[in-house]
Amino acid sequence: MNRKLFVQAALLLASVRVLLAAEPLAQGDDGWTIAKTTAGLTLYSRIRPGSSLKEYKAIGGIDAPTTAVHQVLNDVDSYPVFMPFVTECRIVKREGSATFTYQRLSPKICSDRDYTLRIDQKSWASEGGMAFLNRWQPANDVGPPQKKGVIRVSVCEGSWLLEPTAEKQTRATYRVFSDSGGSLPAFISNPANEMAIRRVFAGIRRQVTLPKYAHE
């Protein structure tokens, strides 16, 4: 092979490697594709029919009992301390096993957003300890009226599943699909959501170490 052909072949091989590296790592039968893997966290995504926005699922370990992690998730008044972009969060009301919470977010890349969610909770005894499931969906009609200069989010649904994997170890599965509204394009919203999810796990892992969440 002459030098010119060798160089062309090398460039082609390099291009193929770049394309392969940019491809998702794996895809399951349910459409979930591994978007990113980091230490202790695997992030999956899939396209919602009729939307350019992605639905996300993240699975990661947390070095704490499920009961302690659940306490962190229920401590909504503290969300502005450890949840990314949350500047205001409070309980609007409780109704049976459901909790209605109002949240206001101040992302750096766009104007403020807010919404009210209905969070339904379930728990059950499993091998190794208690398991918890929190599911949420919009309930803006229950919360405060829309504020001037703040975009009201009408699509925000997801869940937290907490499963014990050892005496003081939790396997957390986080799912979310949201549309922040406004004119923010998908090519900005999707990467921003991926970054926010990683920060959510990092914030919970720090918060759960505080003594007030210790569980006997």
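**Exercise 1. Which residues is Ile204 in contact with, leaving aside its neighbours within four places in sequence?**

Solution. First, the ground rules. This is a predicted model, where local features need pLDDT of at least 70, side-chain atom pairs count only at pLDDT 80 or more, and totals for chains, interfaces and linings use all residues. Residues are numbered from 1 along each chain as its sequence is written, and side-chain values use heavy atoms, with hydrogens and water left out.

Step 1. Apply the cut-off: contact means heavy atoms within 4.5 Å.
Step 2. List the partners of Ile204: Ile62, Val69, Val72, Leu73, Phe82, Met83 and Trp160.
Step 3. A nonpolar core is a set of buried Ala, Val, Leu, Ile, Met, Phe, Trp, Tyr and Cys residues joined through side-chain atoms within 4.5 Å. Buried means under 20% relative accessible area, exposed over 50%, partly exposed in between (1.4 Å probe, protein chains only). The largest such core has 35 residues, and Trp160 and Ile204 have the most contacts inside it.

**Exercise 2. Find the buried residues of helix 2.**

Solution. 
Step 1. Locate the helix. Helices (H or I, at least four residues) and strands (E, at least two) are DSSP runs, numbered from the N terminus. Helix 2 spans residues 66–74.
Step 2. Name the buried residues: Thr66, Thr67, Ala68, Val69, His70, Val72 and Leu73.
Step 3. Draw the conclusion. Seven of the nine residues are buried, so helix 2 is largely enclosed by the rest of the structure.

**Exercise 3. Trace the surroundings of Phe132.**

Solution. 
Step 1. Phe132 lies in strand 7. At 10% relative accessibility, Phe132 counts as buried.
Step 2. Beyond four places in sequence, its contacts include Thr66, Thr67, His70, Trp160 and Leu161.
Step 3. Check one pair. Phe132 and Thr66 are 66 residues apart in sequence, yet their C-alpha atoms are 7.5 Å apart.

**Exercise 4. Describe how strand 9 pairs with strands 7 and 10.**

Solution. 
Step 1. Two strands pair if DSSP finds at least two bridges between them.
Step 2. Strand 7 (residues 129–138) and strand 9 (residues 155–166) run antiparallel, joined by five bridges. Here Leu133 stands opposite Leu161.
Step 3. Strand 9 also pairs with strand 10 (residues 169–179), antiparallel, over eleven bridges. Glu157 stands opposite Phe177.
Step 4. Strands 9 and 10 form a hairpin with two residues between them.
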